[in-house]
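Let's take a friendly walk through this chain, from single residues out to the fold as a whole. Have the structure open beside the text as you read.

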Amino acid sequence: IGLGIPAEPLFRSASENAELFSFANLDKQLQKSFNKLIQNQLREGGWDWYGQYYYSAYTTHYILTGFYKLLRLGIKLPFSKLNGIIDNTIQRTDRFFEDKYQFYLKQKEWDAQVQYDYDYVKTDIQYLYMRSFKGIDTAWLSKDYVQHLFLYATKDIDKQSYANQAQLSMILYRMGREDEAKNIVESLRKKAVKNPEIGMYWPCESNKWGYGQSAVAQQALMIE
């Protein structure tokens, strides 16, 4: 798969690159970034967009998914507090989605015509994708709110963004639902743009910013 990405990275001088990517500097920047994450983490787990104000599902998923990807690659992160931070944040995130499900049920009691908000599904898929790195355990999967999320995540898949479809295919694959995952991948393959000079890529679907809307982020998901 070629990287057909319209944006070009910014280049530094050779001396600047050498300093930027020296092991000593990388270790220093890694520890500095991790300390900042600890500092900004909400008391009950998770992160806000900025500072310590309100829980942001998007930001929390993004950070946890990054940690899980590094761990899956076998990269040993030199942080003694990492496992505790991940476990605490997973518990907070599970509560957030269970509470959201319970609120939806309350709404249905008040008005039987209430429909599940389609915009929620995007965040739901990001949550399920992040959670799939931890492993699909039966106890979690059997919970009512998780079943509800899967029901809507796998409904009208073609309406989802390319990024969300790619995430959903990986979720289903890790669940053992390989045929469904392969169907999504095959559908995405047919939607790809194939260029003899820059290879195969998926164009951004909207001018609006969203998860995976960056050409680089979207292409990385497809390759994954």
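## A buried ring and its partner

F97 is buried, with a relative accessibility of 0%; buried means under 20% relative accessible area, exposed over 50%, and partly exposed in between, using a 1.4 Å probe and protein chains only. F96 counts as partly exposed at 26%. Before going further, please note that this is a predicted model, in which local features need pLDDT of at least 70 and side-chain atom pairs count only at pLDDT 80 or more, while totals for chains, interfaces and linings use all residues. Residues are numbered from 1 along each chain as its sequence is written, and side-chain values use heavy atoms, with hydrogens and water left out.

A pair of aromatic rings is described by the distance of the centres and the angle of the planes. Here, rings of Phe, Tyr and Trp (its six-membered ring) pair if their centres lie within 6.5 Å, with planes under 30 degrees apart called stacked, over 60 edge-to-face and the rest tilted. The count by this rule is ten aromatic pairs. The F96 and F97 pair is edge-to-face because the ring planes stand at 80 degrees, with the centres 5.1 Å apart.

## Ring cluster and charges over rings

Which residues do ring pairs link into a cluster? They are Y55, F96, F97, Y127, W140 and F150. Two arginines also meet aromatic rings: R92 has its charged end over the ring of Y55, 4.3 Å from the centre, and R174 has its charged end over the ring of F133, 4.1 Å from the centre. For a charge to sit over a ring, NZ of Lys or CZ of Arg must be within 6 Å of the ring centre and within 35 degrees of the ring normal.

## The nonpolar core

In soluble globular proteins, nonpolar side chains tend to be buried together. The largest nonpolar core in this model has 50 residues, and Y127, L128, W140 and Y145 are those with the most contacts inside it. Such a core is a set of buried Ala, Val, Leu, Ile, Met, Phe, Trp, Tyr and Cys residues joined through side-chain atoms within 4.5 Å. Elements giving two or more residues to this core include α4 (82-110), α5 (118-132), α8 (162-174) and α10 (215-223).

W140 is in contact (heavy atoms within 4.5 Å) with D94, Y127, L128, R131, Y145, V146 and F150, leaving aside neighbours within four places in sequence.

L64 is found in helix α3 and is buried at 0% relative accessibility. Not counting residues up to four places away in sequence, L64 touches I86, T89, I90, T93 and M130. The C-alpha atoms of L64 and Y127 are 9.8 Å apart, although 63 residues separate them along the chain.

T59 also has its place in helix α3, which covers residues 57-72. What is the relative accessible area of T59? The value is 11%, so T59 counts as buried. The side chains of T59 and S56 are joined by a polar contact of 3.0 Å. A polar contact is a pair of N or O atoms within 3.5 Å; within protein, one must be able to donate a hydrogen and the other to accept it, and residues adjacent in sequence count only if both atoms are side-chain atoms. T59 touches W47, D48 and W49 as well, not counting residues up to four places away in sequence.

## Loops between helices

Most residues other than glycine have a negative phi. D156, in the loop between α7 and α8, has a positive phi near 55 degrees and is partly exposed at 41% relative accessibility.

M175 lies in the loop between α8 and α9. Its contacts, not counting residues up to four places away in sequence, are I136, L141 and F150.

## The chain as a whole

The chain has ten helices and two strands; helices (H or I, at least four residues) and strands (E, at least two) are DSSP runs, numbered from the N terminus. From that end, the order is α-α-α-α-α-α-α-α-α-β-β-α.

Of the 224 residues, 37% count as buried. Among contacts between residues at least 6 apart in sequence, 60% join residues at least 24 apart.
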